[in-house]
Amino acid sequence: MTHPFLDLPPLTAERFAAIEDRVARLLGTRQDVLITQGEALLPLEGAIRAAAGPGTVALNVITGPYGQTFGDWLRDCGATVHDIAVPFHTAVTAGQVREAFAAHPEIDFVSLVHAEAATGNTNPVAEIGEVVRERGALFYLDAVASVGAEPVLPDAWGVDLCVIGAQKAMGGPAGVSAISVSERAWARMRANPGAPRRSYLSLLDWKERWTDAGRRALPHAPAQLEMLALEACLERIESVGLETVMARHRSAALATRAGAVALGGGLEPYVHEAADAAPVATTLRVPSDVVASEVVARALRSDPALPLAAGGGTLSREMIRVNHYGADAAPGAVRGSLAALGAALAESGLSVDVASAGRAVDAAWA
Ligand SMILES: *Cc1c(COP(=O)(O)O)cnc(C)c1O
């Protein structure tokens, strides 16, 4: 008997290339798209190590934990790094980026996270892209948590290195990711003597051995199961329509926000302005006399499948995350999450109105 995951025929180069083309269509890009066979940290790190070196002057925008990591990689490559750290309850503005360029005109690389699932904010990439383009810097974007939940348009926004992963709003696998790379970015990498070569992190290896060689032979054995899952996930998005998938995430975010306010119990949207809140996940602030991680643990006891988590690290006391992405971008998951949080807050003696939260979710969804 053949096993459904094993004993599969080899994944062909042709099929691999066709999956890359589908990702390019999803992003509406004419740039090279490479599928990278690892979780999104692989292309995120590979792109920084390829594009940045001792001559680089980088503006690194920190709106959550990933921005911190990018700054560490940039410094490790020898780049001079100017950080803008933005409080997690808001988004960075194009004006702040413009001011950073005015203060440091030699900036030639900008790293930005589009949406942060970990902190629940989303940044105005189109407006920031205009500033970056005006100044001629290379623009690096982590769109892992935004793709599928809101528009990601590397060509229209002038993004030179755009990284996506399928595991969030695309509802796909985690072990495979992709990056679109502009001609300018390839030129920067080729000119960088420190860019990884003959390395698992090397984007240039794939460019030379795969893309420029006509995509006829794969340089290494493909991550077959992840590729099949990615293909299925792209097919599903295409058949439902990307607009519909994004609308579900937008509705989930609006409904969670409205429902949390109606629930009461001292729960508040963590991100102050709805326009700065990411469609992929909603973060909530608990009142100071309860601990977020304990509320989440209690809520999950009633239903461990709910998409609830406490904030990471020091945020675990004050932040609850409702990860309404993928299959959980649905009214039932949102309503269930708020009902379970309501019950958990009530156990702490806080006054909540679960029925009102449910009505607010339904009204916001419609
Ligand atoms: C989720 C996410 C990633 C990928 O990280 P995981 O640890 O696999 O979840 C990268 N960047 C951002 C902004 C993310 O939200």
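A polar contact here is a pair of N or O atoms within 3.5 Å; within protein, one atom must be able to donate a hydrogen and the other to accept it, and residues adjacent in sequence count only if both atoms are side-chain atoms. The model is predicted, so to speak of local features takes pLDDT of at least 70 and side-chain atom pairs count only at pLDDT 80 or more, while totals for chains, interfaces and linings use all residues. Residues are numbered from 1 along each chain as its sequence is written, and side-chain values use heavy atoms, with hydrogens and water left out.

View 1. Lys168 has a polar side-chain atom 2.7 Å from an oxygen atom of the ligand. Tyr66 also places a polar side-chain atom 2.7 Å from a ligand oxygen. At Asp142, an N or O atom of the side chain is 2.6 Å from a nitrogen atom of the ligand. On its own the ligand has 370 Å² of accessible area, of which the protein covers 80% (Shrake-Rupley method, 1.4 Å probe).

**View 2. The shell around the ligand.** Among the residues surrounding the ligand are Glu39, Val113, Ala115 and Gln167 (a heavy atom within 4 Å). The shell divides into six nonpolar, one polar and three charged residues (nonpolar: Ala, Val, Leu, Ile, Met, Phe, Trp, Tyr, Cys and Pro; charged: Asp, Glu, Lys and Arg; polar: the others, Gly among them).

**View 3. A look at Gln37.** Gln37 counts as buried because its relative accessibility is 14% (buried means under 20%). Its side chain reaches the backbone nitrogen of Ala223 at 2.3 Å.

Definitions and conventions:
Buried < 20%, exposed > 50% of the residue type's maximum accessible area, 1.4 Å probe, protein only.
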